[in-house]
There are 6 protein chains.
Amino acid sequence: MSITILGHKLKNLPWEEKPKDCLEPVWRYSKNPLITRETVRGANSIFNSAVVAYKDEFRGVFRIDTKELVMELHSGRSEDGLSWNIDQERIEFNAEDPEIGRFVYGYDPRVVFLEDRYYVTWCNGYHGPTIGVAYTYDFERFYQLENAFLPFNRNGVLFPRKIKGKFAMLSRPSDNGHTPFGDIFYSESPDMIHWGCHRHVMSPTAGWQSTKVGAGPIPIETSEGWLLIYHGVWTSCNGFVYSAGVALLDLERPWKVIKRSKHYILNPRMPYENIGDVPNVTFPCASLQDPETGRIAIYYGAADTVTALAFTTSEILYHFLQEHSY
Amino acid sequence: MSITILGHKLKNLPWEEKPKDCLEPVWRYSKNPLITRETVRGANSIFNSAVVAYKDEFRGVFRIDTKELVMELHSGRSEDGLSWNIDQERIEFNAEDPEIGRFVYGYDPRVVFLEDRYYVTWCNGYHGPTIGVAYTYDFERFYQLENAFLPFNRNGVLFPRKIKGKFAMLSRPSDNGHTPFGDIFYSESPDMIHWGCHRHVMSPTAGWQSTKVGAGPIPIETSEGWLLIYHGVWTSCNGFVYSAGVALLDLERPWKVIKRSKHYILNPRMPYENIGDVPNVTFPCASLQDPETGRIAIYYGAADTVTALAFTTSEILYHFLQEHSY
Amino acid sequence: MSITILGHKLKNLPWEEKPKDCLEPVWRYSKNPLITRETVRGANSIFNSAVVAYKDEFRGVFRIDTKELVMELHSGRSEDGLSWNIDQERIEFNAEDPEIGRFVYGYDPRVVFLEDRYYVTWCNGYHGPTIGVAYTYDFERFYQLENAFLPFNRNGVLFPRKIKGKFAMLSRPSDNGHTPFGDIFYSESPDMIHWGCHRHVMSPTAGWQSTKVGAGPIPIETSEGWLLIYHGVWTSCNGFVYSAGVALLDLERPWKVIKRSKHYILNPRMPYENIGDVPNVTFPCASLQDPETGRIAIYYGAADTVTALAFTTSEILYHFLQEHSY
Amino acid sequence: MSITILGHKLKNLPWEEKPKDCLEPVWRYSKNPLITRETVRGANSIFNSAVVAYKDEFRGVFRIDTKELVMELHSGRSEDGLSWNIDQERIEFNAEDPEIGRFVYGYDPRVVFLEDRYYVTWCNGYHGPTIGVAYTYDFERFYQLENAFLPFNRNGVLFPRKIKGKFAMLSRPSDNGHTPFGDIFYSESPDMIHWGCHRHVMSPTAGWQSTKVGAGPIPIETSEGWLLIYHGVWTSCNGFVYSAGVALLDLERPWKVIKRSKHYILNPRMPYENIGDVPNVTFPCASLQDPETGRIAIYYGAADTVTALAFTTSEILYHFLQEHSY
Amino acid sequence: MSITILGHKLKNLPWEEKPKDCLEPVWRYSKNPLITRETVRGANSIFNSAVVAYKDEFRGVFRIDTKELVMELHSGRSEDGLSWNIDQERIEFNAEDPEIGRFVYGYDPRVVFLEDRYYVTWCNGYHGPTIGVAYTYDFERFYQLENAFLPFNRNGVLFPRKIKGKFAMLSRPSDNGHTPFGDIFYSESPDMIHWGCHRHVMSPTAGWQSTKVGAGPIPIETSEGWLLIYHGVWTSCNGFVYSAGVALLDLERPWKVIKRSKHYILNPRMPYENIGDVPNVTFPCASLQDPETGRIAIYYGAADTVTALAFTTSEILYHFLQEHSY
Amino acid sequence: MSITILGHKLKNLPWEEKPKDCLEPVWRYSKNPLITRETVRGANSIFNSAVVAYKDEFRGVFRIDTKELVMELHSGRSEDGLSWNIDQERIEFNAEDPEIGRFVYGYDPRVVFLEDRYYVTWCNGYHGPTIGVAYTYDFERFYQLENAFLPFNRNGVLFPRKIKGKFAMLSRPSDNGHTPFGDIFYSESPDMIHWGCHRHVMSPTAGWQSTKVGAGPIPIETSEGWLLIYHGVWTSCNGFVYSAGVALLDLERPWKVIKRSKHYILNPRMPYENIGDVPNVTFPCASLQDPETGRIAIYYGAADTVTALAFTTSEILYHFLQEHSY
């Protein structure tokens, strides 16, 4: 019973060893929160952001809510994945059709290296939230494509390679408010513009994932399937609580769920997760992983206010899935 | 100031002349309701259905709610468009992937002849309502394609020809209940499977169309643009009221609205429209038109219970749009 | 495949033969509505009422909403079950404890002959709706017992005999408003005061019975099980629609459902059912049946405004259940 | 026990004698509905309108919803109070400040002769519904004053004379939707511009008046107090039902309720009241009365679609209040 | 003006003296929170739990939400009432009827010694929340009886002795969500199976107890009546806030409220009460008391996350009730 | 580009210099929270309170929620504006009409010196929340006038001088719950009793002020217009978040907005702002300012639990408005 992450070695992955007395599958970075509002002048908060390996360094696209509370995407760079230099100005996307390029709001980005470039997907305002798509080679210039779907949609997450010759994306159809429902679906595209062959992947079940579920970081390709870290929402009498779980999806038919965690792997329990603009949120948007060691660093938004970091390994998640799954 | 319907002559269009004292742009068939539950054994109601010219006759796909109140699609045929013979059994779609072909519910169909076959679109149950797509050559065997969009969507209406080389569809993104919002969007597809290049067409405005709007019959190609009959919803303290209006869309960029009616052209005021399973609904789903005379016959659901028929001409609608438009 | 109603012959059951062209399992009385507001001075409406055989005549307890729109119970008598003489004043229940006897409101009564007397159950206002219980020997003097359950509850329906030595009741737990949910439960009592051994009987399913279900008339004992006519509610965009179905329950363990109709047997389609204080309601509360002929007369409220009558037979319902059941 | 209407004789009051078998305090005009959409070209509906005696004739301000479903006020005239000639165009109010005069919507007018002119009050759109005020001498030119109150308010009804030297108005504070609450308040003004000394008059109670209450026609001054016909709303599972009741208010301190009807005097039960744009609405907005005979003609909107007429007398209402009051 | 707790001396009651500067009637344990998630492997949280004296030690039934967020009951033991050893596995109840014994969820337990055994009541999942009942002699084996009531019910609390020969229970009828209403009722049973003679005890009033109220620990028998510590809920714009109050109920007719606190005795103000899975919750479920000294130790859940402890005396509560009561 | 505060010098304004590294326009008092529940025996919380200069000292009216959670107004005094002595008993207003003087609840006071006395306005319970008005000369005796408006209204804030000869007030019409909308309006009065000439000032826009806005402290008269600090509310999935912004209103037509901040100037980010009875609230109700230095001290409620203090200057706010405005 073992698992191997597929892909290239990532030598300078941010990492801390698991504390001795920790019984959890995921442990937090000792210097959390990693990124706070002070990092960018004019920021109300920095959270739900995506980082990616880039040459020997790291790059990222960050959700920044301004002091107007407008949701923006900013580009950032880091040598070690811990200390980040983030642009003061939001990304200005180049788009052929100005109707598509017109900025309304952008949030909860994901970034993936796919074939020859980095793709960014995010929740893009176009007569309601939908999935914006853009690419960049250098995190300086970004080229915006057509929105993948009709509104209303959130949490669009690309797979890191084509599947059976087509681009593939997970997403969560929603409505235009604080959506109290949400399933994960799978869609395909021959050209990153037109999407179809939609398949249902998974629904809310119970407990921490009883209200809605949505894909988190880019799925991690492993010997056993796609390792998907996802968020689940529970509705208390005082609002939503966002936790995180893990699932294993079939490699070639990713809408087939092999395993899915019954228990959460991460939930709000630290002050920076319990307190902030939206209390009780842990929301993973990105991970870095190293095939050689199986180490995984998870970047997650906390309390819709700050960005935090946590660690695990593919082995730990895999064993967790054996024990605590549906 | 004149308008011409494009396309082939339709010689046996159902028709009644406008009553002398009628001041309205649309007048009802004197023998309404046209189709009632008695037509099909086991039917609770027959409404929101689509008819189309077929050789020298007519064919249709009908929404039938059973006495279980399950929404089904049935095939039907008629020589004169008035007297209909409707199948007792629902359409069994042939689909390559059984997950797509599995029947949950189907309602509010539209039918269009496009290139070499008849396409049916409808609100299809797949983990929520979305747009089902199928085709038939003979209204006997129907072949189901992939759902066009992710849930949640309703009122998917194809254009009767490719636009700039792509299939084109209007639809209304929704949620999974009695959606209290709804805009019309335009989407394109190279292959009737993958859809993209989504464009916003129109939003609710005020009065009878203040809650939501959705495309009705297949857009009618005219010399001045696509003539679109659509429904609009107003929310009274006792629920939704469905009326109908008309718009003119740009021929090559149909998401550009040239004119849009400020006044309704049809609203619930007859007993069979005010009374039934859902009081106060007039919901057009199909039209037949004759380019030579400009005559248009509109089939519409009434009170979510029966199918009714009304008449107008392209000239009348065009002049109405000059006088009562935004 | 046959069914026999158990019990005593009822010679003067109100009856009309099934119309020739009628394909439905239940047909309406040709002189519906049977009882209207004119019957009782000061009545706004008379509906959802219970009748029962009494000696060679009939007696009943009637829901009357006054012109204040207060819900009251009135006693009534009839020789033929068709023409009713109803008291102008509401029933004044005698109760040992004045806190229980205090009148707040009473509605939707059921009446059953059980052992040596007639029991009345109804929706009784006691800090919210719950199930009131009383008995009478003569429909003149009524003796109120303890409420069967804690609020919130509606549609309490007694079985016409003890089951395994205990009184038995169906009911539908609810909340204190226009409850948008509702299952039928079964409860037992050794003394008609203390109730326990609660068992779940059935939940809403789909279509016409997708929002809530509740027991209607007193279950009819047959050779095949308890024949239960019940109501089901569907939520349209304009509110609730109340239809009726039928089920067969196990004789000794009545919470075990043997058959349950997928199709409704009665739904709102006549003007007096579609129009009134609450449009689109057919709500059966009582039946009279004759073991010898299998004839069943169903009394039902229509549009929360009038009382109507319909007919069927045990054979027809039984065959209907074979064909249109879950 | 007797009552006298104060004021000038009204000789040509529209009138029909009470039908012999009628037990109700108010009886309907035999030719109802009085005014329908055909009266004004472009009207969707004409209802909730106000009429007033004018010289030897009658004048009125009418609520007309256009086919856009925009709510407008139109001026009208009649010789007999039955046959009405209504302007095709809405009233254009003259206002000093264009911000006040800007038309958004206007509905549910009341008209009163006060001192030397006719005042019109209505629900006026100014950043939400509030009470618009205007006056006219001739029903040709109307002069708009300041809105009486801040939003959100509806059903502003002036008293026909100053009380203790101040203008006096009843109104019903509300919110900006289908307000599910509503009490009647009393306010005073020295100049018809500034309003204060607000007093609570009455709240919803139970039954037909359990959701909200609002003043109807101009209060009728009598020897026993102000006779106020008002509407009350009950919330069924299918929406609001509007009935009418009557109250007697203290002459000099009109916020003191002397009597208030427990029973309604008018409720929806005719097809034109049960069916229409908003089913189940009877909504009185005006009355004509003759001191000599005590006759009262009540104009009321029915089903938010048509205007209807009903009759009563001050004696009948007064005796009704003795018998059916809180 | 004095009060005596009835019952047996409890010598090793957990206790801390009231801090000098404390003006409150209840003071917190200095080492709060008493029990945290680390106590039980796999626990997300431990709160709203019941403890009871057992021989010279203590036993308890604990609400544990797992990392799946399933609500479970676990058995625990302690020598001093402070340091607890709690089972890793949930209690498996023995039930005669497997339909009753089937585990769905269990939460908010109460435990009472009654006659010869310990009874446990809790919120038990059976087609909605209702009151589960079980007994144990040793906190090792538990025997489940019938659910006391139909759904929907929560906070079932037994009295520690029969009253007039019958078992007696307080409970709070609810609905199936985050119930925004809730009164306390009293019910009786001759056999712990069948329940009846339901009486209303108290409703929400204002302020901290304006949304709902529910019984907390087992009522404490005193010379002056039953001392009932209960919770009350206030709805802020950010959700529910749970505080605690105290009432005195008549000894023989416990639905008669002698005194009821207008002020809360405990409300959320410590970090472990303000922050957690559900912020702003203090929810007492159990108390230990010593007749000799009048000392009372209150166990309460905090923020739906941890278990905390607080202290008071019967004298203090009694005087508080004299000063701050309705 | 400069601004001058008009009015008299305030020599002993509470003040702390801006911290060196602070980039915000407003900085918090280092000893926040300024006033906590311990200040007044029996207080649950002290927040949303108004202070004002009085001779060489300070006086104030404080919102105190009791341990019943009843909202009261208390009078207080201070020499330095930092250390406050607050009455244990609530203000008993003297009112001519006992119906107006009857205490239901009072909250969120504002105090202003106007002509010859101090006026207090607050949210006053009179059949719903509305604006209470009173005056005092000495903060010992308070004289209550008529409520300014009909319910439902909150945040009534007087201008510190008559404008064009009339008293002037800002307010926010609301409903009777946790109002999810709210605009600021302007009203005038010749006599502080009758109010009219209502004008719309500003609506919610986006981000932190997307749900509702309301006036905060008394507007500060400056050379450039009225400087208005106001609150704005954003609705997260976990409830309301209250931030503060600033606007500049025209001196003689204060409903004309010259500038309005797009960014907030203060938002919840300190523990005493994020945690408490209502998490995430910063709610300014009063300011003290010194024309000579331009210094402004802002008193604000935090988390509906404590009173806090912050500082800024007129120059800083003015420059902020130049840079971050609509």
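Select chains C and E of this predicted model and display their interface: four salt bridges are found across it. For one of them, zoom in on R199(C) and D97(E), whose side chains form a salt bridge with an N to O distance of 2.8 Å. Eleven residue pairs, both members at pLDDT 80 or more, are in polar contact across the interface of chain C and chain E.

Next, colour the secondary structure on the chain C side. The elements α1 (98–101), β12 (167–173), β13 (184–189) and β14 (196–202) of chain C each contribute at least two residues to the side that touches chain E. The top contributor to that side is β14(C), with five residues. Colouring by residue class gives 15 nonpolar, twelve polar and eight charged residues on the side of chain C that touches chain E.

Now show every residue in the contact. Chain C brings 35 residues and chain E brings 35. About 2700 Å² is buried between chain C and chain E, and carbon and sulfur atoms account for 60% of that area. To compare the two copies, superpose chain C on chain E: a rotation of 180 degrees with a shift of 0.0 Å along its axis does this at an RMSD of 0.0 Å. Both copies use the same surface, as 100% of the contact residues of chain C recur in chain E.

Move on to chains A and B. Here 35 residues from chain A meet 35 residues from chain B. The buried area between chain A and chain B is about 2600 Å², with 60% from carbon and sulfur atoms.

Switch to the charged pairs. Between chain A and chain B there are four salt bridges. Pick D97(A) and R199(B), whose side chains form a salt bridge of 2.8 Å, N to O. On the chain A side, α1 (98–101), β12 (167–173), β13 (184–189) and β14 (196–202) give two or more residues each. The most comes from β14(A), with five residues on the side that touches chain B.

Is T313(A) buried or exposed? Its relative accessibility is 14%, so T313(A) counts as buried, the cut-off being under 20%. A polar atom of the T313(A) side chain lies 3.1 Å from the backbone nitrogen of I316(A). Beyond four places in sequence, T313(A) contacts W15(A), W27(A), G294(A), R295(A) and I296(A).

Finish in chain F at D108(F), located in strand β7 (residues 106–114). With 10% relative accessibility, D108(F) counts as buried. Outside four places in sequence, its contacts are N48(F), R63(F), T121(F), W122(F), C123(F) and F283(F). Draw the D108(F) to R63(F) distance: their side chains are joined by a polar contact of 2.9 Å. Then select F283(F), which is 175 residues from D108(F) in sequence and 9.5 Å from D108(F) in space, C-alpha to C-alpha.

Technical notes
Residues are numbered from 1 along each chain as its sequence is written. Chains are lettered from A and ligands numbered from 1 in the order in which they are written. This is a predicted model: local features need pLDDT of at least 70, side-chain atom pairs count only at pLDDT 80 or more; totals for chains, interfaces and linings use all residues. Side-chain values use heavy atoms; hydrogens and water are left out. Buried means under 20% relative accessible area, exposed over 50%, partly exposed in between (1.4 Å probe, protein chains only). A polar contact is a pair of N or O atoms within 3.5 Å; within protein, one must be able to donate a hydrogen and the other to accept it, and residues adjacent in sequence count only if both atoms are side-chain atoms. Contact means heavy atoms within 4.5 Å. Buried area is the accessible area (1.4 Å probe) that two parts lose on being put together, summed over both. Helices (H or I, at least four residues) and strands (E, at least two) are DSSP runs, numbered from the N terminus. Ala, Val, Leu, Ile, Met, Phe, Trp, Tyr, Cys and Pro count as nonpolar, Asp, Glu, Lys and Arg as charged, and the others, Gly among them, as polar. Copies are superposed by least squares on the C-alpha atoms of residues with pLDDT of at least 70 in both.
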